[in-house]
Amino acid sequence: MSRRAECLMSVAVLTTGAALSAGPAPAKADPEKTARATTAADPAPPPTGAAAGGGRAVHFVSGATGLSAADRARIDRQRPLVAAATKIRWDVERHRYPGYAGIVLEDAHVVLWWKGTVPRGMADVVADASRIAPVRVRAAAHSDAELRAAAARLEAERGADIDSIKLRPDGSGLLVGVRGSGSRVFSDQAVPISVVTEEPLRPISRDDDWAPWKGGATTVNATRSTACTAGFGVRSGSASYVLTAAHCGQTGDRIQDARGEFIGNVGPRHQDHDVELIPTSSVDGYVYIGTPTDGAAASVEGWGWTFIGEYLCQSGVSSSRELGRPVCNLKVLFYYADREDLVEAEQTQGQTAARPGDSGGPIYSVSGNGKLIAKGTTTRVAGARLGFQDYGTAWRDFNITPATR
């Protein structure tokens, strides 16, 4: 992904600087148990349409609001596939199997790509996951670790023409996005490298929220006169934060809402991953998913891993202003294998995936009960293609869990 990409945040151009350490984090609880667990400290939600924040009304709705019947049916069909894939993904996270190559959600089953013999422990997990949805194991030419090692070597000789280094989800090689003719030749041929000429993903940057802060609201960097979108409200230990994109502010910048109410000063950041935290007084387990003025908000259930083939939505301020709803039908296509480690999705009807001002906003899926599952943070766009940071990476970087309802 281009290091020279034009910044398209709302209001003004923001220049990012060096990465800053997030500092020490408290000990982690069992992540699989907390990924979708409700935070007991969260107060009960007010009734639908109840006034809050000095008379400002919030309308609590299902996370499926705005989805067509066909879109909702697709998400419903995919839900058991995601549940089965999640069981496998957590085992990969714990054991770092050398043969693991990737997980892909297909129409009616999960595909686990593996190099070599599947070890007994993973075979047991696959059998368990298959009780939820069909899982097929297929042979991969290269493991995820081998592809990432090759990508690291490629990164070392990266030229100005290379905008992205992506992992093929079946373990067959790397896909390199370039500008120009696409005739680039690479010295490292340890794995197959395909070259594609494509437009690079570029950074992108609800008007009146209040504490406890919700996701999907307008955030204004008063220090630099730029605007973005609040991501999920999150916690690490007893501390509360708003998760957003790192290019939305530097450490110490003053962040407020569109009416000038103070949210917090930018705190821990991971520059390469393009995520940062805004320490604040309190956060809420809701995300705005309607227009900037209708107050429609859905509750958050927890977070989950992101999978190739999964369909997601993003709720950025600018897109909500233009469409009156989230941007959905975002199909996950690739994981990036460079230092930015982002995820690429594409809006399947060719619609614009995100707009200036959407940066930092929440990426999510919808559970069976209509609640949202945190999946990531919006960072970049190229027409119908969207670049985002998955929530699992932010969890590793900052040891955070979303505020839930």
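Two disulfides are present in this structure, which is a predicted model. Let me take them in turn.

The pair Cys228 and Cys248 comes up now. Their sulfurs sit 2.1 Å apart, S to S. The torsion about that S-S bond is about -95°, so this disulfide is left-handed. What does it tie together? Cys228 lies in strand β13, residues 226–229, and Cys248 in the loop between β15 (239–244) and β16 (254–256), so the link connects parts 20 residues apart in sequence. Cys228 and Cys248 are both buried.

Now Cys313 and Cys328. They are joined by a disulfide too, with an S to S distance of 2.1 Å. Here the angle about the S-S bond is 110°, and the link is right-handed. Cys313 belongs to strand β22 (residues 311–314) and Cys328 to strand β23 (residues 327–336), so this pair ties together parts 15 residues apart in sequence. Buried or exposed? Cys313 has 3% relative accessibility and counts as buried. Cys328, at 11%, counts as buried as well.

Number the bonded cysteines in sequence order, and the pairing reads 1-2, 3-4.

On to the largest pocket. It holds about 520 Å³ of space. The lining has 27 residues, and those closest to the pocket centre are Arg89, Tyr100, Asp144, Arg148 and Arg396. Which elements supply at least two lining residues each? They are α2 (69–95), β4 (100–105), α4 (144–156) and α6 (391–398). β4 gives the most, with four residues.

How values were computed. Residues are numbered from 1 along each chain as its sequence is written. This is a predicted model: local features need pLDDT of at least 70, side-chain atom pairs count only at pLDDT 80 or more; totals for chains, interfaces and linings use all residues. Side-chain values use heavy atoms; hydrogens and water are left out. On a 1 Å grid over the protein atoms alone, a cavity is a set of points where a 1.4 Å probe fits but cannot get out, and a pocket is an open set with protein on both sides within 12 Å along at least five of seven lines; lining residues have an atom within 4 Å of a point. Grid points are joined across faces, edges and corners, and a volume is the space filled by probe spheres set on the points. A disulfide is a pair of cysteine sulfur atoms within 2.5 Å. Buried means under 20% relative accessible area, exposed over 50%, partly exposed in between (1.4 Å probe, protein chains only).
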